[in-house]
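The structure comes first, and the notes follow it.

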Amino acid sequence: MTVHNIRVGQSKRGDASDGTLAEAIGGRLSRVDGPAKITGAAKYAVEQQLEGLVHAVLVESTIASGKVRVIDAAAAEAAPGVLQVLTPDTIISLKTAADWFGTPPPDKPYCPLARDITFSGQHVAAVVAETFEQAVAAAALVKVSYDETPSIVDLSDGKAGDGIPIDAMTKEWGDASTAFASAPVRICAAYNTPREYQAPMEPHGLVARWEGDHLTVWEPSQWLDGMARTYAEWFGIPFGNVRLVSPYIGGGFGSKALALSHGAVAACAARMLRRPVKLVMTRPQTFTGYGGRAATRQTVTIGADRDGVIQSIVHRGVNETSMDGMWVEPLGSVTSIMYATPNFSSKQNVVRVNSVVPGAMRAPGENPSAFGIESAIDELAYEVGIDPLEIRLRNYAEQDPHAKKAWSTRQLREAFAAGAERFGWARRSPEPRSMRDGNQLIGWGVAAGTYPVRRAYGEAVVRILADGSVEVESSSIDMGQGTYTILAQTAAETVGVPADNVVVKLGDSRFPRAGVTGGSRLAGVMTGAVYKAATSALDQLVGLAISDPRSPFHALQANTLVVANGRIASPRGDGPDVSIAELLNSVGRDHIEAKGDTMPANSTAEDRYKNYTTIAMSVPHTEGDYSRHSWCAHFIEVRVDEDFGTVRVSRVVSALDSGRLYNPKLAESQWKGGIIMGIGQALLEEGIVDRRHGRIVNDNLADYLVPTNADIPDIEVISVGIPDLHASVLGGKGVGELAIVGIAPAIANAVFHATGKRIRDLPITLEKLI
Amino acid sequence: MTKTTIPVHLDINGHHHELQLEPRVTLLDALRERLGLTGTKKGCDHGQCGACTVHIDGERVLACLTLAAQAEGRAITTIEGLAREGELHPVQAAFLEQDAFQCGYCTSGQIMSAVACIREGHAGSDEEIREYMAGNLCRCGAYPHIVAAVRQAAQEFAA
């Protein structure tokens with residue numbers, strides 16, 4: 001059994017200081033998958049021990065543009081232990097799979113090893129050997145020669161051009177340019193973000209095994225059903241023939257949602273060799289084997305009156321994409337909703353460069369978008385001489401300025417108030433360079449963030465077993481957000497059993513289906529599905545107890561019964577009081593099972609397949625009468641060494657509105673994680689491109705700097721959310737992506753307050769300050 | 001074929017293992033690929049992330065930068081060997097209580113580092129903990145909770 005299978009009772013409880021029982025929905029139950037993770041017992045996908053397992057290692061292109069002339073594999077093939085060298089000429093042919101929207105693909109073969117090179121680090125060959133060491137050594141012997149052609153290395157390359165307009169990104173109302181021209185106060189600035197990388201601690205990889213025409217893939221996955229569909233389409237086999245198993249995921253941050261070319265290589269090798277194949281990317285390969293966050297450029301112009309009230313926003317954005325793929329990072333997403341403005345224009349282009357196609361990284365779109373608008377409004381605040389917090393309240397959007405719809409809930413004003421109070425914002429001296437401690441300049445900055453409530457549908461099975469325990473199954477996943485835990489809490493509270501008695505099984509595509517774990521949607525989707533399934537199971541249980549002639553409650557003629565703490569009784573307190581196990585035994589049942597889903601009634605099997613294997617059926621956040629978003633306000637203190645320009649974040653207070661929290665202990669952890677990744681983005685993270693060959697120079701964890709423990713101060717997070725039943729069945733809004741949004745501008749704003757220097761180009765490194 | 005492997009005797013978590021390995025096999029790959037001890041994680045294979053931290057003769061060591069043969073005759077402790085007779089080590093218990101991890105992939109290394117950090121006497125203040133735990137990266141960003149867990153466990157040891 002490869003799935004996670006731990007009983008809640010093995011873990012310690014959180015405290016119940018807020019009055020909520022730890023194991024109820026909203027309680028601070030400790031992670032139920034925690035014991036497995038702290039003892040090393042949790043088996044991650046590529047840790048399966050299989051008989052006959054062999055190892056594959058990728059060979060990558062060393063040029064960014066051109067053609068492979070010759071691959072000389074002779075030395076590699078002759079090396080000890082080598083079973084096969086796969087090249088574009090020897091690998092089996094696959095079919096092209098549909099993209100994640102489910103768009104029908106072109107009817108042409110797909111080869112996961114490239115002859116035509118469009119970026120440095122593209123997979124061109126793979127070596128399979130009996131041992132990992134033999135495969136690594138032999139891969140180094142593969143000689144690839146190229147016909148190199150000039151490349152466009154990044155957005156600042158002179159050959160890059162203006163790119164392709166993406167009309168779907170255009171958002172306009174009023175007459176933004178006229179209003180800007182006539183505004184008494186005008187600011188205009190350009191904001192840049194570099195390539196950034198998800199860098200999950202677990203590298204991407206997989207174990208692939210064929211049994212006849214059935215493929216099993218153990219692979220860290222944010223989307224089992226979507227990836228299973230891709231594998232099935234590549235190999236031209238039925239969807240049901242592919243099983244994806246992903247019990248634990250060592251971090252994803254957007255990067256593990258899609259089946260990628262290295263997965264195709266491993267599955268091909270396994271098919272060709274008729275042996276299970278393990279392929280894990282090296283850390284450098286994780287910088288080119290899939291895309292990080294695209295580099296972006298934005299200009300933000302704001303026209304305002306002298307009181308700082310915005311009259312017009314004109315926004316133009318550009319992001320990079322690859323030569324043959326299309327990634328749009330929606331740069332106007334926050335710009336268009338954060339502040340009330342009568343006139344607005346946002347447009348975006350996409351520029352092709354010789355890079356791997358960029359991908360989703362924590363809050364794609366919202367994150368760089370917020371860096372632009374939340375920096376710009378800070379600039380406006382200084383221009384008109386108004387406190388940066390006050391100017392945000394003065395331009396507060398009482399409804400969605402773009403969709404012209406009411407917010408479902410927007411506790412942003414409450415977030416500003418709670419954060420400012422806790423941070424001590426009122427004690428801020430407004431002038432830049434006016435606060436210091438010795439040779440450290442101190443700056444206080446504020447910025448807001450937001451993330452839309454993305455909704456989709458999910459299924460779950462809830463079983464009440466003969467021993468009175470409850471089992472939950474879903475093909476959704478837990479990559480650290482706490483899915484195991486919150487689904488245990490949901491089932492426990494809904495059925496009426498102690499959380500100790502719930503086992504949650506996730507991460508196997510054989511279980512009832514779930515869509516992508518991305519866009520902060522899973523908790524809302526899956527608590528809804530489990531709630532429905534558990535309610536249905538409870539109804540069956542109570543129905544049996546009332547109506548089955550063998551039930552001890554049969555003579556009672558009750559209309560309903562109460563199930564609590566694993567026992568069934570009459571709400572009036574008369575009659576018997578028996579355990580669930582006793583009842584099931586008395587009526588001769590070994591289990592009760594109910595499937596629940598949140599799909600619209602009358603959904604067809606085709607609808608369901610499409611929903612779970614593509615993102616085509618995601619519900620827009622502005623569907624119906626409301627605009628649904630999470631919100632947050634960040635207050636940050638930095639200390640800048642006046643001589644050396646080094647920036648340290650010394651204090652963070654963030655107040656966040658994610659609606660109802662299913663488990664505050666785990667939500668706080670995710671929020672802090674987002675804040676910390678935002679500190680990395682602001683101060684450290686930048687993919688550096690070699691201008692000759694388009695290589696990522698710092699493609700490792702020593703040179704691509706992510707925050708370390710020593711970079712991070714204490715962080716205080718405050719929940720200001722209220723249940724939002726327009727957002728999800730149980731009232732939660734997104735948690736995982738929200739908190740990173742607004743961190744980088746809050747830090748840039750604090751750095752300006754400390755130093756008087758406005759840094760509009762991330763990361764904020766010392767050479768930009770001295 | 002010429003003989004390319006050597007016998008390596010490893011003492012891991014109090015158990016003796018006899019392996020026949022190529023000399024180039026790292027301790028990390030010996031643990032994960034040969035012995036099924038997958039609690040020790042591979043994050044970078046270059047000594048940059050700390051996920052593979054184990055103890056050799058009580059000191060924290062990066063298993064990816066250590067050849068298996070170098071560990072011969074020395075006492076190796078991995079995350080699987082930390083709990084004694086089913087009782088969690090106080091650092092493990094503190095990590096669970098403080099929610100000092102999310103995805104769990106860096107956690108084994110963090111815990112092994114934390115045990116050594118306390119033993120070294122480097123858990124005297126939050127600042128010191130941050131500094132001496134800085135070699136173990138956590139991309140989920142559990143750092144403040146890791147500091148809290150190390151602080152809590154250190155206080156339990158001191159009490």
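**Overview**

Chain A has 15 helices and 32 strands, where helices (H or I, at least four residues) and strands (E, at least two) are DSSP runs numbered from the N terminus. This is a predicted model, in which local features need pLDDT of at least 70 and side-chain atom pairs count only at pLDDT 80 or more, while totals for chains, interfaces and linings use all residues. Residues are numbered from 1 along each chain as its sequence is written, and chains are lettered from A and ligands numbered from 1 in the order in which they are written.

**Dimensions**

- The C-alpha trace of chain A spans about 80 × 70 × 50 Å along its principal axes.
- Chain A has a radius of gyration of 27 Å, which agrees with the value near 27 Å for a compact globule of 770 residues; the radius is taken over C-alpha atoms, and the globule rule is 2.2 Å times the number of residues to the power 0.38.

**Helices α14 and α15**

- The axes of α14 (residues 664–683) and α15 (residues 743–755) of chain A come within 8 Å and cross at roughly 55°; axes are lines fitted to C-alpha atoms, for helices over the stretch in contact, and angles run from 0 to 180 degrees between N-to-C directions.
- That angle makes α14(A) oblique to α15(A), since angles under 35 degrees count as roughly parallel, over 145 as roughly antiparallel, 65 to 115 as roughly perpendicular and the rest as oblique.
- On the α14(A) side the contact (C-beta atoms, placed from the backbone, within 7 Å) is made by A:Ile675, A:Gly678, A:Ile679, A:Gln681, A:Ala682 and A:Leu683, and on the α15(A) side by A:Ile743, A:Ala744, A:Ile747 and A:Ala748.
- These contact residues of α14(A) and α15(A) divide into eight nonpolar, two polar and no charged; Ala, Val, Leu, Ile, Met, Phe, Trp, Tyr, Cys and Pro count as nonpolar, Asp, Glu, Lys and Arg as charged, and the others, Gly among them, as polar.

**Three-stranded sheet**

- An open sheet of chain A has three strands in the order β25-β26-β27, with antiparallel pairing; two strands pair if DSSP finds at least two bridges between them.
- Its edge strands are β25 (562–564) and β27 (577–579) of chain A, each pairing on one side only.
- Strand β26 (residues 567–569) of chain A pairs with β27(A) over three bridges, and A:Ala569 stands opposite A:Asp577 in β27(A).

**Contact between chains A and B**

- Chain A contributes 49 residues and chain B 48 residues.
- α14(A) gives the most to the side of chain A that touches chain B, with eight residues.
- By class, that side of chain A has 22 nonpolar, 16 polar and eleven charged residues.

How values were computed: Two residues are in contact if their C-beta atoms, placed from the backbone, lie within 7 Å.
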